Amino acid sequence: MKIDAGVATDVGRVREGNEDAFAIEPPLYAVADGMGGHRGGEVASQLALQTVVERLRAGQGSLADQVQAANRAVYERSATDRKVTGMGTTLTAAIVAGDRAHLVHVGDSRAYLLRAGALRQLTEDHTLVNRMLKAGEITEREAAVHPHRNVILRALGQDPDVAIDEQDVGLIEGDRLLLCSDGLTVMVPEDQLQAILEATAGAPQEAAERLVRAANGAGGIDNITVVVLDLLEGDPPEAGETADDASAPTDTVVTGEEAAEASAVTRRRWFRWGAIAVGVVLAIVVGLTGLRAWLDTRWYVGVSDGRVAIFQGIPADLFGFELSHVTEQTDISASEVMALPLYAELEQGINANSREDAAVHVEQIRKDLRAAQHHTAGSGGGGGTP
Ligand code: MG
């Protein structure tokens, strides 16, 4: 099977920085939600994912080994760098290959599987409220509003070793996998998650973006990161083969802050393009206004509806727009006038310097036509008489 991936991350509407990160390095897909003072959370989530990606590229160990190495890297940095003491991160990652996904998980980010109209949470939150829930101490409803619902019992970087949940999930065509940080799941109830995932079938990027919007719409109290994977019929690209998607990040680990900077750059570019577009439209409007003013000074005599007419403008069109309009239509037959050699060009327009000048032309045409008709009638009559 091959995979169509969508990803979105956002700072949310309350936090000042985005401490989430994601990695898209097929067949690896991962999200991490960092925590810790100052820039600790950002450092932890990025360091963890980079460690996993480096080990994966080097072919070192299993995914669980790589995550264990990531745990140690965060732990050691936390112990040696006072600026990030106590930092940690969640990590939910999947290696998707063939017809199965291998999932590893630590913390309260989540993996879901949408299959045949059912959304199933694959991972278990390593949180205090989830433990209380499983122990029957609180209800689901109480869990959702529990004051300590963000207390995490397990994260990378807290101890030299960490317990890692692992599982294999068989996949079938049409499956959709969702990896997300808790900024999504604390804001958006599962029935709404499912509705959005179903409404965006076949468009994983749109799914990711709509999920982020839904979380922000519900308040966005935390950073939100979403990876959506669609399992499709077909072969995955060969190893080393470049993906079709030229916009795929070359740096496969992306922190929320980097994503924010990238989108700020995009916004600046859009702003610049917007300014250029406004300038072009203004130039066109000014140009058209000037053209219109100039056209109003131009006059000619031409043909309208088979009659001689006075026109304002010039006898031409621009992109299908006529550059003139009739100001006065006469009762003089154009075909009769054009039969006169002098006025054969009438249809192309006879220039005039002003409206009065055009009216003079018309009167001349009328006279010349009458004279010609009189001459024809006279010579015709004379032909029969000696
Ligand atoms: Mg979070």
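This is a predicted model: local features need pLDDT of at least 70, side-chain atom pairs count only at pLDDT 80 or more; totals for chains, interfaces and linings use all residues.
Local features require pLDDT of at least 70 and side-chain atom pairs pLDDT 80 or more, whereas totals for chains, interfaces and linings use all residues. Residues are numbered from 1 along each chain as its sequence is written, and side-chain values use heavy atoms, without hydrogens and water.

The magnesium ion has the protein donors Asp-33 (OD), Asp-182 (OD) and Asp-222 (OD), at 2.0 to 2.2 Å; donors are N, O and S atoms within 2.8 Å of the metal (3.2 Å for Na, K and Ca), and sites may look incomplete because water is not among the atoms. Asp-33 belongs to strand S3 (residues 28-35) and Asp-182 to helix H5 (residues 182-185), so the pair ties together parts 149 residues apart in sequence. Helices (H or I, at least four residues) and strands (E, at least two) are DSSP runs, numbered from the N terminus. Both Asp-33 and Asp-182 are buried (under 20% relative accessible area, 1.4 Å probe, protein chains only).

Helix H1 (residues 40-57) packs against helix H2 (residues 63-80) at about 140°, with the axes 8 Å apart; axes are lines fitted to C-alpha atoms over the stretch in contact, and angles between N-to-C directions run from 0 to 180 degrees.

Trp-299 is found in strand S13 (residues 299-304) and is buried, at a relative accessible area of 11%. Not counting residues up to four places away in sequence, Trp-299 touches residues including Ile-310, Phe-311, Thr-327 and Arg-355 (contact means heavy atoms within 4.5 Å). The C-alpha atoms of Trp-299 and Ala-358 are 6.7 Å apart, with 59 residues of separation in sequence.

Note on methods: Buried means under 20% relative accessible area, exposed over 50%, partly exposed in between (1.4 Å probe, protein chains only).
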